[in-house]
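Dear colleague,

Please read the notes with the model open beside them.

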Amino acid sequence: MKKRLLAWLNSPAGLRRILNLYGPYLGAGVRVRHLAKDYREAQVEMKLRWYNRNYVGTHFGGSLFAMIDPFYMLMLMNSLGRDYIVWDASADIDFIKPGRGTVKAHFVVTDAMLADIQQHTANGEKYLPTYEVNIIDEHGELVAKARKTLYIRRKA
């Protein structure tokens, strides 16, 4: 029983459930709607609620950033495997327009991204790729654009 529970917790379904129960996400109203079985695609959303709006009644910027924060790191850790170290190195976000209603972010890890990482880390060097993610509203309009720079290195 314990092995099955641990296997489930380490699965995409388990990680999605854990993230949905994670205090900062629960408190901000962030929901992970999809995490692919191969960890190569994720969809996250956040509805506008009384507890995640700012002074002017739109999505709080910190919650917008939080909803996209860990995904490229988690997805690449699981896609690359235990031979790699993956950390968030830096991030920035541009707020384009006020977020109202439900906002969403979509993450994809492609074969080209993985090949690029493997090429740049083949000799043990660190690699600092930057990936963009857009936060869009329910009308498909851009609310914010974020960039995440990751530290990736092959373990010795």
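Predicted model: local features only at pLDDT ≥ 70, side-chain atom pairs only at ≥ 80, totals over all residues.

The space in the largest pocket comes to about 190 Å³, and its lining is made up of Met77, Asn78, Gly81, Arg82, Tyr84, Ile85, Val86 and Lys155. By class, these lining residues divide into 4 nonpolar, 2 polar and 2 charged.

The second largest pocket holds about 150 Å³ of space, and it is lined by Ile18, Leu19, Tyr22, Pro24, Tyr25, Ala66, Asp69 and Pro70. Here the elements that supply two or more residues to the lining are helix H2 (12-21) and helix H3 (23-28). The lining of the second largest pocket has 7 nonpolar residues, no polar ones and 1 charged residue.

To return to H5, 7 of its 10 residues are buried, so this helix is largely enclosed by the rest of the structure. The buried residues in H5 are Phe71, Tyr72, Met73, Leu74, Met75, Leu76 and Leu80. After H5 comes Gly81, which has a positive phi, near 95°, and Gly81 is also one of the residues that line the largest pocket.

The axes of H5 and helix H6 (residues 111-121) come within 12 Å and cross at roughly 75°; because angles of 65 to 115 degrees count as roughly perpendicular, H5 and H6 are described as roughly perpendicular to each other. On the H5 side the contact involves Tyr72, Leu76, Ser79 and Leu80, which meet Met113, Leu114, Ile117 and Gln118 in H6. The residues of this contact between H5 and H6 divide into 6 nonpolar and 2 polar, with no charged residue.

Tyr39 lies in the loop between strand S1 (30-35) and S2, and although Tyr39 is not a glycine, it has a positive phi of about 65°. With a relative accessible area of 9%, Tyr39 is buried, since buried means under 20% relative accessible area.

Thr58 is located in the loop between S2 and helix H4 (61-68), and it too is buried, at a relative accessible area of 6%. When its neighbours within four places in sequence are left aside, Thr58 is in contact with Leu48, Asn52, Arg53, Pro98, Gly99 and Arg100.

Lys47, by contrast, counts as partly exposed, with a relative accessibility of 36%, and it belongs to strand S2 (residues 41-47). Lys47 and Thr130 are 83 residues apart along the chain, and their C-alpha atoms are separated by 27 Å.

With best regards

Conventions:
Residues numbered from 1 in each chain as written. Heavy atoms only, no water. 1 Å grid on protein atoms, 1.4 Å probe; cavity = no way out; pocket = protein on both sides within 12 Å on 5 of 7 lines; lining within 4 Å. Points joined across faces, edges and corners; volume = space filled by probe spheres on them. Nonpolar A, V, L, I, M, F, W, Y, C, P; charged D, E, K, R; others polar. Helix = DSSP H or I, 4+ residues; strand = E, 2+ residues; numbered from the N terminus. Axes fitted to C-alpha atoms, helices over the stretch in contact; angles between N-to-C directions. Parallel < 35°, antiparallel > 145°, perpendicular 65-115°, else oblique. Contact = heavy atoms within 4.5 Å. Buried < 20%, exposed > 50% of the residue type's maximum accessible area, 1.4 Å probe, protein only.
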